[in-house]
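Please find below a briefing on one protein chain, arranged by topic for a reader who works with coordinates.

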Amino acid sequence: MPLMEGGRSLVAETGHLSTLLPLLVFMFGMVGISLFVRYQQRTGFGSNFVQQYFIGNHDLGGFVLAMTTVATYSSVSSFVGGPGMAWQVGFGWIYMAVVQVTAIFLVLGIFGKRVALLSRKFHAVTVVDIIRERFRSDFIAGMAAFIIVLFFCGTMTAQFVGGAKLFAAVTGYSYEMGLVLFGLVVVIYTSIGGFRAVALTDTCCAIMMMIGIALLLYYVLEAGGGYAAVMEHIRVHEPQMLEPFSAGKMPWGIYLTQWILVGICTIALPQSVVRGISYKDTKGLHHAMLIGTVVIGFMNIGINFTGILAHGVLTGDLASYGGVDNIIPTTIVTVMPQSLVGLAIIGPLAASISTISGLLIVASSAIIKDVYLHYQEKRNREVSTGQIRLLSIVATAVIGAVVFVIALTPPSLIWLINMFAFGGLETAFFWTLLLGLFWRRANRLGAFLSMGGGTIVYCLAQGTGFKIMELHQITIGITCSLIFFLLGSYLGKPSEKQVLEKFFPEEL
C-alpha cells in the first residue's frame, strides 16, 4: 500500500467514491443545519441579530454547550499530529497530554459564570466587549480584536491544511479537492447560520469524533492481534515507550511547557471563553462542565492511546511512513475495511471544521461587533439590521476565503503552527482576563503592557528561536506578560470607581 510521499496518496491515486460518499453526506448535513438555523432566525428566534449571530442569543443548553466547547478546543492536530507523536514517543505523550482533560471543566468553571453575568449586565456579545468595559479603553479593545484575528488566521490555516492533507492521504483524491470540499462548506455554513449553527454543527462533529475514535481503536486492536499482543510487541521491540521519559524523548521540559501550553493557559483562549457568554442557565453550565470533561477525556486519551497501539500494526520506522502527521492516515487505510474508511475520517475532519467554524465566528465578531459597530455607535450613527446581517456574513466569508487561499500552498508541521497560535493567544489573554476579571487592582496600563508587550516578546522569541533552558517560548511569553501586567497595575492609575462598582460590587 503506497504511502503519502511527494503529494501522492496513501491509497489509490484516483480515490474511491465509497470513501467519499459518507463525507459528502456529512458536509451537506452541516449546510442543512445552518439553513435550518437561518430559517428559524428569520421566523422569530429573536429581534437582536447581533446576539443571534455571534452568541446564539444566550440560549445554549448544557449538552450543546459542552459539545461546542469540546469541538472548538479539539483540532485536527489532536487527531493527527498528537497521536502520531504518541506512536513515536509512547505513554509519556499520554501523561503529558492528559492535562487537557481538565480544560473544559476549568474554562467553564473559572470564566463561565463570571462572563455570563457580566455579559448580561453590559449586553456584551464578545470577549472584547468585556475587556473594553473592564479597562475603558477602545485602544486595548482594538488591540485585542487584532490579536484574535491574527492568531486565529494562523490556527485556521493549520486546520485547513491538516484536514486537506488527511483527506488526500486517506481517500486518494487531491489535496486541493479536499480543501475545496470541506473548506468551502465550513465557510458557507458558518457565514449563513452564525454561532447557533456553529454550536449545533459542533455537536454533530463531536459525536462523529467519538465514533471515529471508537472505530479506529477497535480495528487497530483487531489488526494487532489484541491488546496483550500489541503491548508485548511494544515491550520487546520498543520498551522505552513504556517509560514516562521515553529514553529522553519526553524530557521534563516538554512536560512543563505542554502542561502550560495545551493545559492551564487554554482556559483563557477567547474561542473557549466566549462559550460562557452563550449558555442559558447555571444548570446548563454545570451539566456542560461534567459532560465536556468526560467527552474531552475520552477523545484525548482515546486517540493518543490508539496512536500508541498502532505500533502493533505499523512496525517500520518513522521515515518509512513519511513523518508523524502520516501515522494516523496510514493506520486508517491499513486496518479499516474500505467500506468504513470514509466514516472513520469524518472524525478527524470534524475536528478540523469545528475548530475553523468556532474561530471564524469569533474572528468575524471581532471585526464587525468590536470594531465596526463600536465605531459607528461612538459617532451616533445607526446601522440597520439588514446592513449588520450583510456585513457579518461578508466578514465571515472573507476571513474564511483568505485563510483558504493561504492553505492552497500548505506549510509543513501543522501542529507547530497550531501551537504557535495557541501560545500567542494565551500570552495576550491569560493574565488580561484572569487578573482583569478577578483582581480589583488590575488597570488599563497593566492590561496594555501585558497584552501588547507580552505578545511582542513571545513573537520575537519564536521568530529568533530563543529559548530558556530549552523550554517552549510560551514560558517566556506568559512570564513577561505577567511581569508587565503587575508593573502596569502598580505604576498606573487605579481603575475608575464606577468600573469597580460594576465588576466587584460585593467588595465595596
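**Helix α9 and its setting**

Ser-137 caps the N-terminal end of α9, with a side-chain oxygen placed 3.4 Å from the backbone nitrogen of Phe-139; a polar contact is a pair of N or O atoms within 3.5 Å, where within protein one must be able to donate a hydrogen and the other to accept it, and residues adjacent in sequence count only if both atoms are side-chain atoms. This is a predicted model, in which local features need pLDDT of at least 70 and side-chain atom pairs count only at pLDDT 80 or more, while totals for chains, interfaces and linings use all residues. Residues are numbered from 1 along each chain as its sequence is written, and side-chain values use heavy atoms, with hydrogens and water left out.

Helix α9
- The 34 residues of α9 (residues 138–171) should span 50 Å at 1.5 Å a residue, and the end C-alpha atoms are 48 Å apart, which agrees; the expected span is 1.5 Å times one less than the number of residues.
- Because 27 of the 34 residues of α9 are buried, this helix is largely enclosed by the rest of the structure (buried means under 20% relative accessible area, with a 1.4 Å probe and protein chains only).

Whole chain
- The chain holds 23 helices and zero strands, where helices (H or I, at least four residues) and strands (E, at least two) are DSSP runs numbered from the N terminus.
- Of its 508 residues, 60% count as buried.
- The C-alpha trace spans about 65 × 55 × 40 Å along its principal axes.

Notes: Buried < 20%, exposed > 50% of the residue type's maximum accessible area, 1.4 Å probe, protein only.
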